[in-house]
Amino acid sequence: MDNLILKVCTKVLFTPIILFGLYVQFHGDFGPGGGFQAGVIVAAAFILYAMVFSVEDCKVIMPPKLNFFLLALGAFLYGFVGIIGLILGDPYLSYDVLGSTKEAGQHIGILLVEFGVGLTVCNVMISLFYSFANFNFGKKNND
Amino acid sequence: MMSFIIKNLPILIVITPLMFSLIVAVLNNNRLAWALSTFATFLTMIFTILLCFEVSYKSNISYYLGNWPPPLGIEYVIDTISIIPIMIVSVIGLIATLFAHNFFTLEIDEKLVSKTYSLWLLTIAGLIGLITTADAFNLFVFLEISSLSAVALVALGSKVDRKALVAGYNYLILGAVGATFYVIGVGLLYGVTGTLNMGDLAQKIPALGLNKSVIVAFAFMMLGIMVKAAVFPLHIWLPNAYAYAPSPVSVLLAATATKVSIYILVRISYTIFGSSYEIYSFESLRYILLYLAILAMFAGTIMAIFEKDVKKLLAHSSIAQIGYIILGISLATSSGIASSFIHLINHALIKAGLFMSVVAMGYYTLKRIDVNTIAGIGRRLPITFFAFVICALSLAGLPLTVGFISKLYLIKAAYMSEGIWLPFLILVSSALSLIYIWKLIEGLWYNQKNSKPEKIKELPEIYIPLLFITFLNIYFGIDAGLIIDNSFIASDALISGIK
């Protein structure tokens, strides 16, 4: 797509979309939002970039290998925060021990876990987009 | 350290494969991925063995996730009943992982091997999670984890045969239907009781009396899990999924996936709805299951007799064997359920051994393993063939093998509750199963019409898992005390839950 207006608008919008995604992410404790919604919003920024420029350009800013690594890292973060509670002597996924008080611990725990969820959801969306964009419909798939 | 491990055993058996699957996914080195997967399944098995000892002391271990007590939080329960399928999954998981290395490197794109191991561990984690959880909705989550990763594993067979994609798609759709039915049932139950914990549900359901939502919920949950367990008319996804999957995946799924579903079937009907036994008389369901099981015994065997593709033949025979297991459950007596637990374990050993030896024979040709294409291959691979014959005879139920033990107890239980006609039918279908077993042995050993000098030799790397499982087939056929005692303890615990 070779349209100057679209390209300029995308460049302008790219960072605010990610910023809004982060707002939804970290505001999830107090209001509507959380990892799932935030992940999709952040992924939308990358997908918009890929649609207006090209998938190859998008792969420069988000290489498929990094994408897959972050995908696994998000889920790993979720599990690992649970394991920290386990090591500190509480049952799995118990966040009480993470902070100085129980409330602070739950706060830190849910923040980290939701960040893991957001990371995974964002990268799953991007990798789904990549795999559909790379699929040669009707041609033999050599990849 | 030890007390920390002991305290957290119920969760460790689930998160060990789960966390390792995320680590393995990002590795580039295929051999390292395999080594880590083996390590993860080995750790899981160690934890399971520790858990066995723990259960034998306490008989009931309850674990609260995140320190939230049930019914609010998610509870994991390990008792004398659930330890049996956990043991099956972790032992078969380790053996199949040891077995998998050669086959995955051959049958799957090199780039995808480490991701395959990730899915593999995810399937194992999902299956163990299904068994340990005592939360009806958490069970649905694990149902999805295990079946979605299993679908992806089946579809990976597409490098060898493109039909794997169709098989995986069918498995996906039918599996999703099953899971959706289950979750509809859970939703209805939650609507009328306001709880998702299985123990809590069991206490609250009898108070509702004859409530239509509960009856519908029961029907939905049972039907959904019956699709997953491939009980006879709902088995359509199974033969193709097992036949076209990569070889190690066939081994893992055939030995564990349906077994776990059958365990859930038992759990739903006895633990959740068991205390309302008088209200929803189990009798009506019991007779449906009984006749479906008899149909499965014959339909599966007859389909296997007319099948040429060896992996599909074994899958059809699995349907018949699931019929035997369901038959034991439908008798609804202590000895009946014990016999189905015995067969649950034994069939896992038999089918794992059979699939291993059969796919090992097809290793060098990489073609579909057909009764005609493998003619005379047994003479080239005597050790693999030996393992195959032992497991095949075990399937037929020859004395001194595990198959005999399970048939013996099943026939005894059937005779005690239904009279002579049911043991007669079991014996007839066992006799019929000899036809397809003989067909395989004849093709492998006696038939030598097209023995071209192909490059076929033994595969020493798989001796350890293959011969170990063959050894177990004989060992538990001679000294079956361990399996039988634990099965009877489990079935008594289930029956006493009703009263």
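Residues are numbered from 1 along each chain as its sequence is written, and chains are lettered from A and ligands numbered from 1 in the order in which they are written. In this predicted model, local features need pLDDT of at least 70 and side-chain atom pairs count only at pLDDT 80 or more, while totals for chains, interfaces and linings use all residues.

**View 1. The helices of chain A.** Chain A contains 5 helices and 0 strands, in the order α-α-α-α-α from the N terminus. Helices (H or I, at least four residues) and strands (E, at least two) are DSSP runs, numbered from the N terminus. The C-alpha trace spans about 55 × 35 × 20 Å along the principal axes of chain A. The radius of gyration of chain A is 18 Å, whereas a compact globule of 143 residues would have one near 15 Å; the radius is taken over C-alpha atoms, and the globule rule is 2.2 Å times the number of residues to the power 0.38. Of the 143 residues of chain A, 33% are buried (20 or more other C-beta atoms within 10 Å of the residue's own; exposed means 12 or fewer, and partly exposed lies in between; C-beta atoms are placed from the backbone). Among the contacts in chain A with a separation of 6 or more, 60% link residues 24 or more positions apart; a contact requires C-beta atoms, placed from the backbone, within 7 Å.

**View 2. The side of chain B that touches chain A.** Here 13 residues of chain B are in contact with 13 residues of chain A. Helix H2 (9-25) and strand E1 (60-64) of chain B are the elements that give two or more residues to this side of chain B. H2(B) gives the most, with 6 residues. By class, this side of chain B has 10 nonpolar, 3 polar and no charged residues (Ala, Val, Leu, Ile, Met, Phe, Trp, Tyr, Cys and Pro count as nonpolar; Asp, Glu, Lys and Arg as charged; the others, Gly among them, as polar).

**View 3. Strand E1(B) and its partner strand.** E1(B) runs antiparallel to strand E2 (residues 75-79) of chain B, and 5 bridges join the two; strands pair if DSSP finds at least two bridges between them. Tyr64(B) has Glu75(B) in E2(B) as its bridge partner.

**View 4. Ile184(B) in helix H7 of chain B.** Helix H7 (residues 163-193) of chain B holds Ile184(B). Ile184(B) is partly exposed, because 17 other C-beta atoms lie within 10 Å. Ser146(B) and Ile184(B) are 38 residues apart in sequence and 19 Å apart in space, C-alpha to C-alpha.

How values were computed. Two residues are in contact if their C-beta atoms, placed from the backbone, lie within 7 Å.
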